[in-house]
Amino acid sequence: MKHSGKISFFAGFAVMLAVGWAGFPRLLYRGTPQPLSFSHKVHTGEKAGMKCEDCHVLRASGSFGGVPALESCAGCHAAPMTGTAPEKRLIDNYVTPNREIPWLIYSRQPDNVYFSHANHIRLAKLACKQCHGDHGDTDTLRPYQEDRVSGYSKDIWGSSISRISFGRGRRDGMRMDDCVSCHREHKVSDSCLACHK
Amino acid sequence: MNFGRRTLLQFAGGSAAGALFTPIPWRLLWDSAVWTQNWSWIPKLPRGEVTEKFSTCTLCPAACPVKARCVGNQPVSLTGVAATAESNGALCPVGLAGHHLPYHPKRAVLPFRRRSVNGKVAVSPLSADEAAAAIAERLNALPAGQSTVILDERPGRVTSRIYQTLAAKLPRGEYVTSPQTEGGTLAKLESLTGTPAAMNMAGADLVVSFGTPLLDGWGTPGRVFAARDRFRLIQVEPLLSRTAAAADLWIPVYPGTEAALALGLLNLLTGAASGWTPEKVQSVSGVPAESVARIAAELKAAKAALVIADGDPGGGAFSPDEQSLFAALNLAVDSAVHPCGVPRVTRPIEALPDASIGVLLCDAASSGAGTPWRVIARKLAPAAMVVSLSPFLEGYGRHAELIVPAPAYLESLQEVPTAPDAPAAGFALAPPLIPARPGATEPAEFIARLAGEPVTLSVELKKHVEALHATGKGEVVRYAGGEVTPVKDFKTSDELWNALNQGACWRQGLPAGMYASKPSARLLQAAVQSAERRLAAGGQTDPARPLMLITTAWRATAGNAQVSPLLTKLYQESELREPGNSAAIHPDTSQKLNLKHGGQAILTTACGSCPVAIVVDAGVMPGVVSAVIGPTVDSIGAAPRNGGSTIGDICAPDGDAPWRVTSAQLRRA
Ligand code: SF4
């Protein structure tokens with residue numbers, strides 16, 4: 001056939017495009033469910049009326065408390081409040097035996113990064129959403145997706161494998177170039193030692 | 001359509017081309033780069049709670065308060081403590097990377113012995129007991145006329161007192177201090193008047209600095225910078241150093257002739273140094289006569305002046321004769337020196353006769369100065385035993401027969417005496433933040449074993465704190481929050497001990513009143529005569545080596561000190577400072593010697609030669625070679641040891657001024 005060579009070539013081309021854009025991201029990440037189902041929406045909704053900083057505290061010293069320790073949960077859930085299955089699991093598996101919940105942190109940065117929440121929240125007045133998106137409004141915790149090669153969380157690269165996001169009003173991804181471009185945009189220091197101390 | 005090999009190749013070609021339009025290659029590139037940073041054998045910090053702990057920096061005499069950010073109890077970054085006047089939030093670059101030092105590539109982990117066997121150096125590990133036995137054997141057989149010497153580069157500590165006691169118990173034991181410690185001018189003032197002296201830089205309106213890197217590694221950086229806006233700074237030195245560049249006035253002076261300017265100033269201020277007219281000063285030192293008159297007028301008009309001549313950490317101290325003159329200048333003006341502080345017990349190693357040390361026990365603390373080994377070596381008897389009680393294999397350890405590892409910075413409870421620029425006496429503890437390595441021995445405790453007088457450093461420190469508490473004097477500044485509590489408000493000495501162990505410093509209150517009255521005619525006369533003697537002795541130049549070599553170093557990066565390789569890499573790559581073994585010369589000198597910027601040359605002194613990289617710099621006076629001796633390749637633990645000499649090695653010890661100016665020759669390599 002006259003064009004058989006071109007057909008084979010473009011077939012290979014198309015197959016690879018499909019593999020690269022659809023299959024590769026699935027293959028790249030390993031999903032692990034969080035140890036417990038947790039609804040940010042319920043906690044920040046009208047009923048509970050909590051704010052992000054009620055649990056994710058900035059200590060008096062200026063350091064960030066990160067994911068709340070068990071005692072924060074136990075403060076309200078020492079005894080069943082709602083009687084839901086996740087709450088029962090929380091009490092039986094963690095609160096009663098006094099065992100910390102091994103949360104998998106979506107936004108965990110590598111060890112060589114020094115990130116100050118205090119600087120970004122208090123000085124730059126950034127909203128949590130700016131970096132963490134709508135996480136505070138979600139009803140369930142999505143599985144933690146770990147890059148099989150680098151070991152980083154998917155959130156570091158960003159949700160889109162192309163790293164192109166349209167009209168989301170926030171940065172998608174937490175790579176060094178995301179930090180640097182935001183710093184440049186806001187005309188704040190982007191020297192190495194600002195983050196690598 | 002036939003399927004064959006060709007079709008398969010076409011399909012593969014299409015796939016390869018298509019792959020370029022997918023994220024696969026690009027993402028894998030990024031991922032594999034990250035992957036290489038996370039190999040399992042690369043040490044990882046433990047995950048854990050992020051906490052703040054406090055300590056005090058012991059890497060140089062400045063005693064800066066330190067805040068450590070710890071992850072899971074491991075310090076991962078150090079910063080200054082903004083809440084205290086001792087630090088004002090500042091640490092120098094060496095201190096900022098101090099938590100790297102326990103992991104320095106040249107860390108000593110086991111005691112070992114270095115012996116020369118058939119002309120080759122053989123190294124054998126041994127236990128601390130065996131090391132002690134080997135030293136005891138040598139001490140028992142110490143030849144007549146030789147002494148056992150404890151070298152303490154950080155005098156003024158409780159440990160120093162322990163050393164003085166132990167020295168008396170060792171066979172012909174001597175306690176000596178570093179040839180150069182910061183605070184030399186004040187120490188001289190104290191020895192001339194008998195009254196301990198401290199300077200109140202915050203109250204000074206004029207500082208005349210003779211070759212002291214006031215803004216670049218002298219005193220406590222945070223305190224100096226906080227006071228900087230209030231005083232006018234006149235910097236007298238042969239090169240446009242960073243301090244000279246940032247001073248209000250830079251006065252270039254021929255190396256070794258600073259005393260001539262001081263004599264001229266003393267003459268104009270007191271009439272004591274008759275004959276030292278501004279014109280004569282100009283002819284000897286190169287300082288224009290009108291500048292001499294101008295500095296004298298400024299000193300006269302100042303309400304609180306300071307004359308500081310502690311020298312550069314890499315440049316060697318001024319001789320005691322010259323220091324007498326600088327001390328006298330402080331007495332001749334309305335000075336910002338106070339009758340305060342604790343008496344300084346210094347006994348520079350120069351006071352010992354040459355070739356008299358049979359066994360030298362080197363303490364781990366560094367004076368911050370880059371003392372060339374030759375300055376110490378000339379005091380050693382042939383076949384003397386050198387014992388380095390340091391956490392590192394380099395520094396003085398490079399020349400030691402026995403190395404007995406000490407705990408590194410942040411690994412054990414240490415103490416911090418009064419900083420050289422402190423306005424009053426001070427004391428702080430440096431509580432450990434990480435566990436010491438097994439096998440590390442506290443130097444004072446090891447020497448106590450040799451002397452047969454067991455000592456536990458922490459017990460002695462506790463006794464000192466009890467004594468402070470008993471006086472009820474002074475106040476304690478807590479690093480967390482800067483809260484100040486008078487000592488009398490601590491009900492028990494345990495309370496005070498606990499506060500100091502959590503990160504705090506004790507300081508004496510500022511005294512009222514000024515230092516001693518005007519200098520006596522006798523004191524002035526003695527100072528003038530000794531300085532004239534020194535100038536006459538230093539005046540001869542060697543025609544074969546017509547250049548004057550002066551050396552500089554970044555504090556606490558040479559001599560017995562080690563520095564984080566990471567920090568050094570950063571500054572070298574950013575070219576913030578000249579690297580070690582570079583020699584800066586004036587464009588005229590470069591033209592005369594036909595040496596080009598970046599070229600290689602051989603620097604020769606009476607003590608040897610070494611290769612240097614030429615830097616042409618108009619900030620160096622003609623006829624002068626300014627060389628960097630620290631950080632060295634050894635102190636950063638980076639390169640395999642330089643088999644040849646370094647610039648520090650070829651600096652000539654000179655009488656009682658260790659190595660300030662050396663006659664040198666420079667030729668193209
Ligand atoms: S100046 Fe000295 S005490 Fe202060 S941080 Fe630097 S090395 Fe440490």
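Chain B is divided into domain 1 (50-103), domain 2 (112-180 + 346-507), domain 3 (192-339) and domain 4 (540-668), with bounds that come from an automatic or database domain assignment. This is a predicted model, in which local features need pLDDT of at least 70 and side-chain atom pairs count only at pLDDT 80 or more, whereas totals for chains, interfaces and linings use all residues. Residues are numbered from 1 along each chain as its sequence is written, chains are lettered from A and ligands numbered from 1 in the order in which they are written, and side-chain values use heavy atoms, with hydrogens and water left out. The model scores ipTM 0.88 and pTM 0.81, and chain B has a mean pLDDT (the predictor's confidence in each residue, from 0 to 100) of 90, with 95% of its residues reaching 70 or more.

Within chain B, the centres of domain 3 and domain 4, taken over C-alpha atoms, are separated by 25 Å. Contact, meaning heavy atoms within 4.5 Å, joins 26 residues of domain 3 of chain B to 21 residues of domain 4 of chain B. The area buried between these two domains is about 1900 Å², of which carbon and sulfur atoms give 58%; buried area is the accessible area (1.4 Å probe) that two parts lose on being put together, summed over both. Of the area that domain 3 of chain B buries against domain 4 of chain B, 25% is supplied by B:Leu239, B:Pro255 and B:Gly314, more than by any other three residues.

One salt bridge is counted between domain 3 and domain 4 of chain B, the term standing for a side-chain nitrogen of Lys or Arg within 4 Å of a carboxyl oxygen of Asp or Glu. B:Arg660 forms a salt bridge with B:Glu258, and their closest N and O atoms are 3.6 Å apart.

Turning to the ligand, the residues around it, each with a heavy atom within 4 Å of it, include B:Cys57, B:Cys60, B:Cys64, B:Cys92, B:Pro221 and B:Arg555.

Between the chains, the contact takes 33 residues from chain B and 33 residues from chain A. Chain B and chain A bury about 2900 Å² between them, with 68% of it on carbon and sulfur atoms. Across this interface the rule finds one salt bridge; A:Asp147 forms a salt bridge with B:Arg27, and the closest N and O atoms of the pair are 2.7 Å apart.
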